[in-house]
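Subject: A structure for you to look at

Hello,

Here is the structure I promised to pass on. Could you open it next to this message and follow along?

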Amino acid sequence: MKFYYILFAISAFFVSCKNNPQEMKKATYSGEDMSHDATVYRDNETRQAISEVNTGSEWKLYAGKNINSIDFNEAVLSGNGSGTYSIDVPDSIRSYFLFETGKGTSIIAERHLPLTCGYNFRDMGGYRTKDGKYVK
């Protein structure tokens, strides 16, 4: 009987260790350079986050409080083709996004940082370097 308890405990351990593919997904650059296909900025008056998409294909936009917390279970926006879209994210923190199309993925965030007492601070991350990599 003790053998069955041990066998049950081991099988429960392996079932609990089964990885969900969505949980394992990480935000990375892949495929073609899409750094100019999508941008995010804030409307100066309303502080609403806006995404401008410039592509002729289907796309999805996922969001998170940092690059490692981007939620791939549900896109905050999705569409087919170009346009300007409002994004429902808080204005008190800087959100990070993964822009995904059939051509690849790209990490984006608004360049103007949300600082209460600062003016005109910008992030240099996301720019493509001469050797094809991206500034963090």
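Below is what turned up, going from the whole chain to single residues.

A word on the source first: this is a predicted model, in which local features need pLDDT of at least 70 and side-chain atom pairs count only at pLDDT 80 or more, while totals for chains, interfaces and linings use all residues. Residues are numbered from 1 along each chain as its sequence is written, and side-chain values use heavy atoms, with hydrogens and water left out.

**The chain as a whole**

The protein chain holds two helices and eight strands, where helices (H or I, at least four residues) and strands (E, at least two) are DSSP runs numbered from the N terminus. Along the sequence the pattern reads α-α-β-β-β-β-β-β-β-β. Of the 136 residues, 29% are buried; buried means under 20% relative accessible area, exposed over 50%, and partly exposed in between, with a 1.4 Å probe and protein chains only. Among contacts (heavy atoms within 4.5 Å) with a separation of 6 or more, 56% are between residues 24 or more positions apart.

Five strands form an open sheet in the order 1-8-7-4-5, with antiparallel pairing; two strands pair if DSSP finds at least two bridges between them. Its edges are strand 1 (30-31) and strand 5 (77-80), each of which pairs on one side only.

A hairpin of two residues connects strand 7 to strand 8.

Strand 8 is worth a look. Six of its six residues are buried, so strand 8 is largely enclosed by the rest of the structure. Both faces are covered, with G104, S106 and I108 buried on one side and T105, I107 and A109 on the other. S106 has a relative accessible area of 3%. Leaving out residues up to four places away in sequence, S106 touches T28, Y29, M34, S35, F97, L98 and F99.

Beyond its neighbours within four places in sequence, N80 contacts G56, S57, E58 and W59. The C-alpha atoms of N80 and G56 are 6.9 Å apart, although 24 residues separate them along the chain. A polar atom of the N80 side chain also lies 3.4 Å from the backbone nitrogen of E58.

**Cores and rings**

A nonpolar core is a set of buried Ala, Val, Leu, Ile, Met, Phe, Trp, Tyr and Cys residues joined through side-chain atoms within 4.5 Å. The largest one has 14 residues, and W59, L61, I87, V89, F97, F99 and I108 have the most contacts inside it. Strand 2 (38-42), strand 3 (49-53), strand 4 and strand 7 (96-101) each give two or more residues to this core, and the largest share, three residues, comes from strand 4. Apart from this core lies another, of six residues, among them A27, I70, F72 and L98.

Rings of Phe, Tyr and Trp (its six-membered ring) pair if their centres lie within 6.5 Å; planes under 30 degrees apart count as stacked, over 60 as edge-to-face and the rest as tilted. The count by this rule is three aromatic pairs. The centres of Y62 and F72 are 5.4 Å apart and their planes at 55 degrees, so the pair is tilted. Y62 lies in strand 4 and F72 in the loop between strand 4 and strand 5, so the pair ties together parts 10 residues apart in sequence. Y62 and F72 are both buried. Ring pairs also link W59, Y85 and F99 into a cluster.

**One backbone detail**

Most residues other than glycine have a negative phi. R47, which is not a glycine, has a positive phi of about 65 degrees. R47 sits in the loop between strand 2 and strand 3 and is partly exposed, with a relative accessible area of 30%.

Best wishes

Technical notes
A polar contact is a pair of N or O atoms within 3.5 Å; within protein, one must be able to donate a hydrogen and the other to accept it, and residues adjacent in sequence count only if both atoms are side-chain atoms.
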